[in-house]
Every structure is written in structure tokens, then in C-alpha cells.
Amino acid sequence: MTGARETPALTGAAAAVITVSDRRSAGQAEDTAGPAVADALHAAGAAVEAWVVADGLDSVTTAIEQALASGARLILTAGGTGVHPRDVTPEATRPFLARDLPGIPELLRSTGARTTPTAALSRGVAGVSAGHGPALIVNLPGSEAGAREGIDTLLPLLAHLLSQLDGGDH
């Protein structure tokens with residue numbers, strides 16, 4: 001239908017964006033990665049809650065627990081996926097994953113490496129949480145460019161993935 005407005009793919013989906021950064025959580029640097037991801041999800045129709053936490057197992061674990069408790073079906077972290085000693089977002093995420101989705105981080109690294117060779121150093125993980133109303137959890141890079149590229153790569157997959165989590169047909 002010409003001129004018809006397309007319905008956003010994620011209408012009504014509850015999403016959480018968690019920026020993981022010591023400097024950003026302390027107010028020493030502006031968070032641009034988290035807002036870029038949140039804006040893209042919002043534009044796709046999702047209801048987005050976003051916050052910033054310090055690097056570390058406890059802070060990331062608590063943020064993911066809060067996101068799950070709030071009913072988020074999409075939980076995207078931005079930051080803490082590199083090799084710095086305080087980059088432990090994947091370690092904090094893994095205990096929540098009942099099912100790994102290794103193709104997602106492979107795709108994110110592959111896509112990112114086209115423009116930024118260091119994207120291959122990302123240790124981000126992705127998977128589906130356990131329980132009623134399972135959620136997709138994905139670790140994205142903490143740079144604004146990496147986070148934008150990551151959400152742009154993910155967006156075409158998210159509506160189908162949420163449908164599958166709800167038992168939708170292939």
C-alpha cells in the first residue's frame with residue numbers, strides 16, 4: 001500500500017539497555033552507546049528502559065536481574081566485552097543464559113570487523129534466559145559506533161526471535 005505507514009517491528013516489546021562503564025557511571029564520560037541502542041529500539045516500537053552501571057560482576061549481574069524482574073524481553077548491554085581486566089560483562093551474562101545463541105556474537109564480530117578490526121576482540125555473548133517469558137540477552141560493544149552497528153545488525157532479527165520465544169511458527 002503506497003504511503004501507508006509501516007508498523008514498527010517491536011511494538012510493545014519491553015527492552016532494557018544497560019551501559020557498562022566505570023567512567024560513564026561515575027559521570028566522567030558521556031554515555032553515547034546506550035542512548036544510540038535505546039533510540040534504535042524505541043524507533044522500532046519497543047518500550048525501553050536504560051541505565052548505566054559500573055564495570056564488575058556484581059553491578060552487571062544486578063542490572064540484568066532487575067531487567068528480567070521488570071519483564072524485559074530484550075536485554076542489551078553496551079560495554080565491558082573487551083580484554084581489560086574489568087571487562088567482565090560476558091562472565092556476568094553467562095549464568096542467565098539457558099540457551100546460547102552463538103551465531104549472534106559471531107555475526108556482530110564479523111560485521112564489526114569490516115570497519116573496525118578490533119571488533120574481533122569482543123568477547124560478547126548472546127542467548128535466551130530461562131523461565132516464563134524468556135528474554136534475549138546480547139552483549140554489544142561499548143563504543144557508540146560499535147553499539148550502533150550492533151543494533152543495526154540485530155534489528156532485522158529481533159521480531160522473529162521474540163515470536164519464536166513465544167512459540168511462533170517458523
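Partly exposed, in this talk, means a relative accessible area between the buried limit, under 20%, and the exposed limit, over 50%. R123 has 24% relative accessibility, so R123 counts as partly exposed. The model is a predicted one, and that applies to everything that follows.

The partner is E91, and the closest N and O atoms are 2.6 Å apart. R123 sits in the loop between α5 and β5, while E91 belongs to helix α4; the two are 32 residues apart, and the pair links distant parts of the chain. E91 is partly exposed as well, with a relative accessible area of 31%.

The count of salt bridges comes to 4. Another of them joins D22 and R86, with 2.7 Å between the closest N and O atoms. D22 is in helix α1 and R86 is in the loop between β3 and α4, so this pair ties together parts that are 64 residues apart in sequence. On accessibility, D22 comes out at 27%, partly exposed, and R86 at 38%, also partly exposed.

A further salt bridge is between the side chains of R148 and E144, at 2.8 Å from N to O. Here both residues lie in helix α6, 4 residues apart, which is about one turn of the helix. R148 is partly exposed with a relative accessible area of 42%, and E144 is partly exposed at 30%.

The largest nonpolar core has 28 residues, and L10, L41, V138 and L154 have the most contacts inside it. At least two residues each come from β1, α2, β3, α5, β5, β6 and α6. Which element gives the most to this core? Helix α6 does, with 7 residues.

Take L154 as an example. Setting aside neighbours within four places in sequence, L154 is in contact with L76, I104, L108, V138 and L140. There is also a second, separate core of 17 residues, which includes I18, V20, V60 and L97.

Still on helix α6, which spans residues 144-165, we find T153. Is T153 buried or exposed? Its relative accessible area is 15%, and buried means under 20%, so T153 is buried. T153 touches L107, L108 and T111, not counting residues up to four places away in sequence.

Helix α1, residues 22-25, supplies the largest share, 3 residues. The division for this lining is 1 nonpolar, 6 polar and 5 charged.

Two residues from earlier come back here.

Terms used: Residues are numbered from 1 along each chain as its sequence is written. This is a predicted model: local features need pLDDT of at least 70, side-chain atom pairs count only at pLDDT 80 or more; totals for chains, interfaces and linings use all residues. Side-chain values use heavy atoms; hydrogens and water are left out. Buried means under 20% relative accessible area, exposed over 50%, partly exposed in between (1.4 Å probe, protein chains only). Contact means heavy atoms within 4.5 Å. A nonpolar core is a set of buried Ala, Val, Leu, Ile, Met, Phe, Trp, Tyr and Cys residues joined through side-chain atoms within 4.5 Å. Ala, Val, Leu, Ile, Met, Phe, Trp, Tyr, Cys and Pro count as nonpolar, Asp, Glu, Lys and Arg as charged, and the others, Gly among them, as polar.
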